[in-house]
Amino acid sequence: MMTNLFSIFDPSTNIFNLPLNWLSTFLCFFFIPYSFWLLPNRYYFMWNFISNKLHNEFKILLGNNQIKGNTLIFITLFFFILFNNFLGLFPYIFTSTSHLNLSLTISLTFWLTFMIYGWINNTKHMFIHMIPQGTPSILMPFMVLIETISNIIRPGTLAIRLTANMIAGHLLLTLLSNMGNNISIYFLMFLIIMQIMLLILESAVAIIQSYVITVLSTLYSSEVN
């Protein structure tokens with residue numbers, strides 16, 4: 001039994017006391033299909049199919065004012081979060097997306113970029129966006145305050161959504177796995193089945209969360225144009 005349940009999310013190691021676990025974040029680069037430069041295979045066709053689907057959807061979300069090649073940024077974000085979420089399901093691989101250090105850095109960087117671009121290039125549009133159409137004059141100051149607060153907390157909600165979902169699934173898997181030493185063989189078989197079902201659920205959560213974060217980032221980007 002581990003002394004601390006949250007020790008599975010500890011980024012420190014015993015090798016010269018350096019946070020080498022963060023190196024798992026860069027393992028996603030090994031999944032890039034190098035066959036793009038050689039002979040195409042099934043892996044390349046699957047990668048290309050997913051990229052094209054995401055490109056078409058993000059192009060619709062961004063609207064007519066999108067910058068050429070803008071969808072590539074969000075496709076890259078999707079694959080980066082997806083691979084880090086999946087790698088965290090493997091034993092002895094650090095889950096970097098379960099830490100606010102990474103998720104908040106990504107969301108805050110995107111949000112600041114959108115805000116700086118919007119206020120510099122589309123100042124009038126940013127002011128108009130604070131007051132929904134048809135708002136009574138007496139409610140305009142309150143609407144500006146509400147819209148400003150909701151805009152400021154966006155990077156935090158993106159980061160917490162990703163981090164909380166990654167932590168919740170891993171904690172549940174850890175709690176169930178710690179019960180294996182104290183139960184009979186019959187309950188152990190049931191526990192293994194439950195673990196497999198939870199792994200399938202966590203795989204779905206890894207895909208859904210990477211898709212949700214990317215779609216929300218795309219929607220935030222379309223609002224500044």
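Predicted model: local features only at pLDDT ≥ 70, side-chain atom pairs only at ≥ 80, totals over all residues.
User: What is the reach of H1 from its first C-alpha to its last?
Analyst: H1 has 21 residues. At 1.5 Å a residue, 30 Å is expected. The reach in the model is close to that value: 30 Å.

User: Within what arc do the buried residues of H1 fall, seen down its axis?
Analyst: Tyr-44, Trp-47, Ser-51, Leu-54, Phe-58 and Leu-62 are buried in H1. An α-helix has 3.6 residues a turn, so residues three or four places apart point the same way. The buried residues line one face of the helix, because they fall within an arc of 100 degrees.

User: Which residues are exposed on the other side of H1?
Analyst: The cover over the buried residues of H1 includes H2 and H7. The other side of H1 has exposed residues. They are Arg-42, Phe-45, Phe-49, Lys-53 and Ile-60.

User: Which element gives the largest share of the largest nonpolar core?
Analyst: This core has 29 residues. The largest share is 8 residues, and it comes from H2.

User: Which residues does Phe-74 touch, not counting those up to four places away in sequence?
Analyst: Phe-74 is one of the residues with the most contacts inside the largest nonpolar core. Phe-58, Phe-110 and Phe-114 are also among those with the most contacts there. Phe-74 touches Phe-58, Leu-62, Phe-110, Phe-114, Thr-214, Ser-217, Thr-218 and Ser-221.

User: How many residues apart are the partners of the salt bridge?
Analyst: A search of the whole structure finds 1 salt bridge. Arg-154 pairs with Glu-223, and their closest N and O atoms are 2.8 Å apart. Arg-154 lies in helix H6 and Glu-223 in the segment after H7. This links distant parts of the chain, 69 residues apart.

User: Is Arg-154 buried or exposed?
Analyst: The cut-off for buried is under 20% relative accessible area. Arg-154 has 14%, so Arg-154 is buried.

User: What percentage of contacts between residues at least 6 apart join residues at least 24 apart?
Analyst: The chain has 7 helices and 0 strands. Of its 225 residues, 36% count as buried. Among contacts between residues at least 6 apart in sequence, the share joining residues at least 24 apart is 72%.

Definitions and conventions. Residues numbered from 1 in each chain as written. Heavy atoms only, no water. Core = buried A, V, L, I, M, F, W, Y, C linked by side-chain atoms within 4.5 Å. Buried < 20%, exposed > 50% of the residue type's maximum accessible area, 1.4 Å probe, protein only. Helix = DSSP H or I, 4+ residues; strand = E, 2+ residues; numbered from the N terminus. Contact = heavy atoms within 4.5 Å. Expected span 1.5 Å × (residues − 1). Arc of directions from axis to C-beta. Salt bridge = Lys/Arg side-chain N within 4 Å of Asp/Glu carboxyl O.
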